[in-house]
Amino acid sequence: MTGALRTTVLVSGSGSNLQALIDAHLAGRLNIHIGHVISNVAEARGLRRAEQAGIPTSVLKHGDFADRDAFDRALALLIASCKPDLVVLAGFMRIIGPAVLQPFRGRMINLHPSLLPLYRGTDTYQRALDAGDERHGASMHFVTEELDGGPLISQVVIPVIAGDDAAGLAARLAPMEHRLVVATVELFATHRVECCDGGVSIDGRIHAMPLQLQADGRLHP
Ligand code: GRF
């Protein structure tokens, strides 16, 4: 495909969302080139998925660095060497600082398993259950200094069902996250979205609310 969006994906774990992007690309549904997959965890299954797809990988273990800033500077250099149009944090379980954020501002997005602004941080499923929420979901947003707080691009909502526990809720959300990641990256691949002063611009219009993933797999206001 021509003009493919040069994409770098960061993972720490299973990499099922990375796999969704790989599969959508292979199926001809997503005009991206995943040039590199980076992990801070050497054993991450996501790295094996990338290797199987023939995608170059790198491991950058935060424990090998003197401090957070040294890790961030090395990560920024590594990402920059991939020359990405878009950086996707797909289950990257590491808070990143200004050294990474500044060069990729507006080009770095994160997947988070909650209906942001609800439940930033971890344990989102249990926190939603403890609050008695009737809905849970996942969000994609531009990455900023604020943890899980950057401008929202898209969300998918699922109902909480009687008897759900955190593991069950996570298992039901996972396939919807995969669809959300693909649909959201497609917005970038088709040059429909950008981060601007007022928040998120989609098709040239600023959206105060995130797009919602619908049953047809598309994002709608
Ligand atoms: C997803 O639930 C995502 O929302 C969260 O980490 C998980 C990553 O899953 N940030 P995977 O590694 O893509 O399978």
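Good morning. Residues are counted from 1 along each chain in the order its sequence is written, and side-chain values rest on heavy atoms, with hydrogens and water left out. As the model is predicted, local features need pLDDT of at least 70 and side-chain atom pairs count only at pLDDT 80 or more, whereas totals for chains, interfaces and linings use all residues.

I begin with helix α6. Helices here are DSSP runs of H or I with at least four residues, strands are runs of E with at least two, and both are numbered from the N terminus. Helix α6 covers residues 166-189, which is 24 residues. From its first C-alpha to its last it reaches 33 Å, close to the 34 Å expected at 1.5 Å a residue; the expected span is 1.5 Å times one less than the number of residues.

Where does α6 kink? The kink, of about 35 degrees, lies at A174, shortly before the proline P175. The bend at a residue is taken as the angle between axes fitted to the seven residues ending there and the seven starting there.

Buried means under 20% relative accessible area, exposed means over 50%, and partly exposed lies in between, for a 1.4 Å probe and protein chains only.

A189 and N31 are 158 residues apart in sequence, yet their C-alpha atoms are 6.0 Å apart in space.

After α6 comes H191, in the loop between α6 and β8 (193-196). H191 has a positive phi of about 60 degrees although it is not a glycine. Is H191 buried or exposed? H191 counts as exposed, because its relative accessibility is 64%.

I turn now to the pockets. On a 1 Å grid over the protein atoms alone, a pocket is an open set of points with protein on both sides within 12 Å along at least five of seven lines, and a lining residue has an atom within 4 Å of a point. Grid points are joined across faces, edges and corners, and a volume is the space filled by probe spheres set on the points.

The largest pocket has a volume of about 850 Å³. Its lining has 33 residues, of which G91, F92, M93, L111 and P113 lie nearest the centre. The elements α1 (16-26), β5 (108-112), α5 (124-130) and α6 each supply at least two lining residues. Domain 1 (1-104) and domain 2 (111-221) each provide at least three, with bounds that come from an automatic or database domain assignment.

By class, this lining has 13 nonpolar, 14 polar and six charged residues. Here Ala, Val, Leu, Ile, Met, Phe, Trp, Tyr, Cys and Pro count as nonpolar, Asp, Glu, Lys and Arg as charged, and the others, Gly among them, as polar.

The second largest pocket has a volume of about 230 Å³. Which element gives the most to its lining? Helix α6 does, with five residues. Among the lining residues are A20, R29, H178, R179 and D216. The classes are three nonpolar, two polar and five charged.

Next, the loop between β5 and α5. P117 is found there, and the peptide bond from L116 to P117 is cis, with omega near 15 degrees. The loop also holds D123, a residue other than glycine whose phi is positive, near 55 degrees. D123 counts as exposed because its relative accessibility is 57%.

Two residues remain. V156 sits in strand β7 (residues 152-159) and is buried, with a relative accessible area of 1%. From V156 to A80 there are 76 residues in sequence and 30 Å in space, C-alpha to C-alpha.

G3 lies in the segment before β1 (5-11) and counts as exposed at 63% relative accessibility. G3 and N31 are 28 residues apart in sequence and 7.6 Å apart in space, C-alpha to C-alpha.

Thank you for your attention.

How values were computed. 1 Å grid on protein atoms, 1.4 Å probe; cavity = no way out; pocket = protein on both sides within 12 Å on 5 of 7 lines; lining within 4 Å.
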